[in-house]
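Welcome to my notebook page.

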Amino acid sequence: MPQAQQGGIGSKLLKALEEELIKRGFTRYKVIAGQKLEGANKFYRKNGFVPAKEISIHGDEVSNVYVKEI
């Protein structure tokens, strides 16, 4: 949804998710983003995710695995 991009909604949703994960006892979590999805990769890095490794789960398409400590 272009109107939601760069409006801070994604970061607010991550914050709410992290609050719930903390309540449930989690200390970190992972996300996967297709390497070609530049906007998604930038978003995760901007929000404190650290690249952990690259994987291929859809044929030859490479995806980045990110981890975030909370």
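**Tyrosine 44 and its rings**

I began with tyrosine 44, which is buried, as its relative accessible area is 18%. By buried I mean under 20% relative accessible area, with exposed over 50% and partly exposed in between, using a 1.4 Å probe and protein chains only.

A note on what I am reading: this is a predicted model, where local features need pLDDT of at least 70 and side-chain atom pairs count only at pLDDT 80 or more, while totals for chains, interfaces and linings use all residues. Residues are numbered from 1 along each chain as its sequence is written, and side-chain values use heavy atoms, with hydrogens and water left out.

Next I searched the whole structure for aromatic pairs and found 4. Rings of Phe, Tyr and Trp (its six-membered ring) pair if their centres lie within 6.5 Å; planes under 30 degrees apart count as stacked, over 60 as edge-to-face and the rest as tilted. Tyrosine 44 and phenylalanine 49 are edge-to-face, because their planes stand at 75°, with ring centres 5.2 Å apart. Phenylalanine 49 is buried at a relative accessible area of 4%.

Tyrosine 44 also pairs with tyrosine 66, and I noted that pair as tilted, at 6.1 Å centre to centre and 35° between the planes. It joins distant parts of the chain, since tyrosine 44 is in helix α2 and tyrosine 66 is in strand β3, 22 residues apart. Helices (H or I, at least four residues) and strands (E, at least two) are DSSP runs, numbered from the N terminus. Which residues do the ring pairs link into a cluster? I listed Tyr29, Phe43, Tyr44, Phe49 and Tyr66.

**The sheet**

I then traced the sheet: 3 strands, open, in the order β1-β3-β2, with antiparallel pairing. The edge strands, each pairing on one side only, are β1 (28-34) and β2 (50-58). Two strands pair if DSSP finds at least two bridges between them. On average, neighbouring strands of this sheet are turned by 30° against each other, direction ignored.

β1 pairs with β3 (residues 61-69) over 7 bridges, and isoleucine 32 has valine 65 in β3 as its bridge partner. Helix α2 (residues 38-46) packs on the sheet, touching β1 and β3, and its direction makes about 160° with that of β1. Axes here are lines fitted to C-alpha atoms, for helices over the stretch in contact, and angles run from 0 to 180 degrees between N-to-C directions.

β2 and β3 also pair over 7 bridges. They form a hairpin with 2 residues between them, and glycine 59 in the turn has a positive phi of about 70°.

**Asparagine 64**

Asparagine 64 sits in strand β3, opposite glutamate 54. Buried or exposed? I logged asparagine 64 as buried, at 12% relative accessibility. Its side chain makes a polar contact with the side chain of asparagine 41 at 2.8 Å. A polar contact is a pair of N or O atoms within 3.5 Å; within protein, one must be able to donate a hydrogen and the other to accept it, and residues adjacent in sequence count only if both atoms are side-chain atoms.

**Leucine 14**

Last, I checked leucine 14, in helix α1 (residues 9-23). Not counting residues up to four places away in sequence, leucine 14 touches Tyr29, Phe43, Asn47 and Phe49, where contact means heavy atoms within 4.5 Å. Leucine 14 is buried at 11%.
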